[in-house]
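Reader: I would like to learn how to read features such as charge pairs, helix faces and surface patches from a set of coordinates. Could we go through them one at a time?

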Amino acid sequence: MIDLRSDTITRPTPAMLAAMQAAPVGDDVYEEDPTVHQLETTLAARFGTEAGLFCPSGTMTNQLAIMAHCAPVSEVVCEASAHVYLWEVGGIMHHARASVALLPGERGRLTAAQIAGAIRPTGNVHYPTTRLVCLENTHNRGGGSCYAWADLQAIAALTKEKGLALHLDGARIFNALVATGQRSQDYGQLFDSISVCLSKGLGAPVGSVLLGSAAFIGGCRRLRKLMGGGWRQAGYLAAAGLYALENNVARLADDHARAARLAEALRPLPYVAEILEPETNLLLFRLDESRLTVADFLARLEAAGIRASGFGGSWVRFVTHLDVDDAQLAQVITALR
Ligand SMILES: *Cc1c(COP(=O)(O)O)cnc(C)c1O
C-alpha cells in the first residue's frame, strides 16, 4: 500500500530504532530521564525559548498551553478551521472552559487587522476576556499553507501591545521553516508558547514538545501530570525525536517537491475541479463529482494500492512523507491518469 492519508503513518527505520534502544533513560516524572531532558533543551535552544516539555501528542501540548494561558472566563481567538478548535474534541471548552472567537482565514492564515477586530473591549460586563491567540503554521486545513514572517511579526506586535498570549500550533513547523527559509530561533521572540510535533513529517513514532518560558513550562508540567501525562522512561521515545531532528528535517524539501509534482499531475485531469497549490507536503484538491465522486475515487485508488483521505465535501487530501519515494509517486501518477 502507498499511504498518502497522513504523514503520521510513518514507521521508525532500523537506524531510528537503534537510536531508541541505545538511549540512556530514567524516570521522567522525577525529571531524571537524560534523553527527555536532552530533547527538551535541544528544541528550546533551536526555537529560542527557555524550556520544553515532552508530551505524547500535539493535542496534549496545544491543550496544555491553552489551559495554562487562560484564566476563568477567557476567550481564545483562532482561525475557524484551526486544529485546536476543529480536531481536538472541543478541548478548549472542556479543559480551559474558554469561549472561542473564530475568524475566517485565507487558507488558514489570519491577519493582525482581523485579530485586532476580534479583541473584546475591556470593562464591559457582557464579554469574556480575550487572552490568547492561536496560530497554526503550516495550516493543515489550509493545505499546508505557511505564514510570511512579516505577518507573524505584525500579529506578535499586536498581541504584545494588547497584553494577549500568542500560541503557535507548530505540528508541521519544520515544513514551514524548510519551505520559507525562516529561522527557528526567531520564533521564540514572537510566541509565548510553541507546540512542535515529532510524529508527523519528522517520522518519530510518538511525541510532541511544548516550548515556552521556564515558568510557563513548569506550570504545564504540572497540568500534564493532572491529565495523566506524566510518563516514566520516556527517553526511548525522546531518542526517536532527537534522531528525527538530526536526520529528517532537511529532507522535508523532498516531500514538498513530491507534493508539487502530484499537483502538476492532477491539474490536467478532467475530474479535478480545483487544487490548493501546495506550499509544503499537504495537497488538497476538489473533485468534480459530476464526473467522479469522492467515494468512487477513494475506492478506485484503494484497488490500485493507494490510500488517501476524503477531506469533507468534494475535497481529498494527499500527504507526502518519508515513506513515499519517487517510484511510488510515479505509480500514483499513473493510477490518477
Ligand atoms: C496533527 C496535528 C496536531 C496534533 O495531533 P496529535 O495527533 O494529537 O499529535 C495539532 N495540530 C495540527 C495542525 C496537526 O496537524
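Reader: Which residue forms a salt bridge with Glu-274, and how far apart are the closest N and O atoms?

Author: The general idea is that side chains of opposite charge can pair when their charged atoms come close. In this predicted model, Glu-274 is paired with Arg-286, and the closest N and O atoms of the two are 2.8 Å apart. The pair links distant parts of the chain, with Glu-274 in strand 9 (residues 272-276) and Arg-286 in strand 10 (residues 282-287), 12 residues apart.

Reader: How many salt bridges does the structure hold, and which residues are linked in a network?

Author: There are 19 salt bridges in the structure. A network of such bridges links Glu-106, Arg-107, Arg-109 and Glu-279.

Reader: With which residues does Asp-326 form salt bridges?

Author: One partner of Asp-326 is Arg-258, with the closest N and O atoms 2.8 Å apart. Because Asp-326 belongs to helix 14 and Arg-258 to helix 12, this pair ties together parts that are 68 residues apart in sequence. Asp-326 also forms a salt bridge with Arg-261, where the closest N and O atoms are 3.3 Å apart. That pair again links distant parts of the chain, Asp-326 in helix 14 and Arg-261 in helix 12, 65 residues apart.

Reader: How should I read the accessibility of Asp-326, Arg-258 and Arg-261?

Author: Take each residue by its own value: Asp-326, at 38% relative accessibility, counts as partly exposed, Arg-258, at 12%, counts as buried, and Arg-261, at 36%, counts as partly exposed.

Reader: Which residues of helix 14 are buried, and where do they lie around the axis?

Author: In helix 14, which spans residues 326-336, the buried residues are Gln-328, Leu-329, Val-332, Ile-333 and Leu-336. They cover an arc of only 140 degrees around the axis, so they lie on the same side of helix 14. The face turned away from that buried side carries the exposed residues Ala-327 and Thr-334.

Reader: What does UniProt place at Lys-200, and where is Lys-200 in the fold?

Author: An unreviewed UniProt entry places the feature "modified residue: N6-(pyridoxal phosphate)lysine" at Lys-200, and such an annotation may be inferred rather than shown by experiment. Lys-200 sits in the loop between strand 7 (193-197) and strand 8 (208-212). With a relative accessible area of 14%, Lys-200 is buried. Apart from its neighbours within four places in sequence, Lys-200 is in contact with Asp-7, Thr-8, Thr-10, Ala-171 and Arg-172.

Reader: Which residues form a nonpolar patch on the surface?

Author: The patch is formed by Tyr-85, Leu-86, Trp-87 and Leu-102, which together have about 340 Å² of accessible area. Of these, Trp-87 lies in the loop between helix 4 (83-86) and helix 5 (91-95), and its relative accessible area of 34% makes Trp-87 partly exposed.

Definitions and conventions: Residues are numbered from 1 along each chain as its sequence is written. This is a predicted model: local features need pLDDT of at least 70, side-chain atom pairs count only at pLDDT 80 or more; totals for chains, interfaces and linings use all residues. Side-chain values use heavy atoms; hydrogens and water are left out. Patches are made of residues with over 30% relative accessible area and no salt bridge: like charges are joined within 9 Å, nonpolar side chains (Val, Leu, Ile, Met, Phe, Trp, Tyr) within 5 Å. Accessible areas come from the Shrake-Rupley method with a 1.4 Å probe; for residues, only the protein chains shown count as cover. A salt bridge is a side-chain nitrogen of Lys or Arg within 4 Å of a carboxyl oxygen of Asp or Glu. Helices (H or I, at least four residues) and strands (E, at least two) are DSSP runs, numbered from the N terminus. Buried means under 20% relative accessible area, exposed over 50%, partly exposed in between (1.4 Å probe, protein chains only). Contact means heavy atoms within 4.5 Å. The arc is that of the directions from the helix axis to the C-beta atoms.
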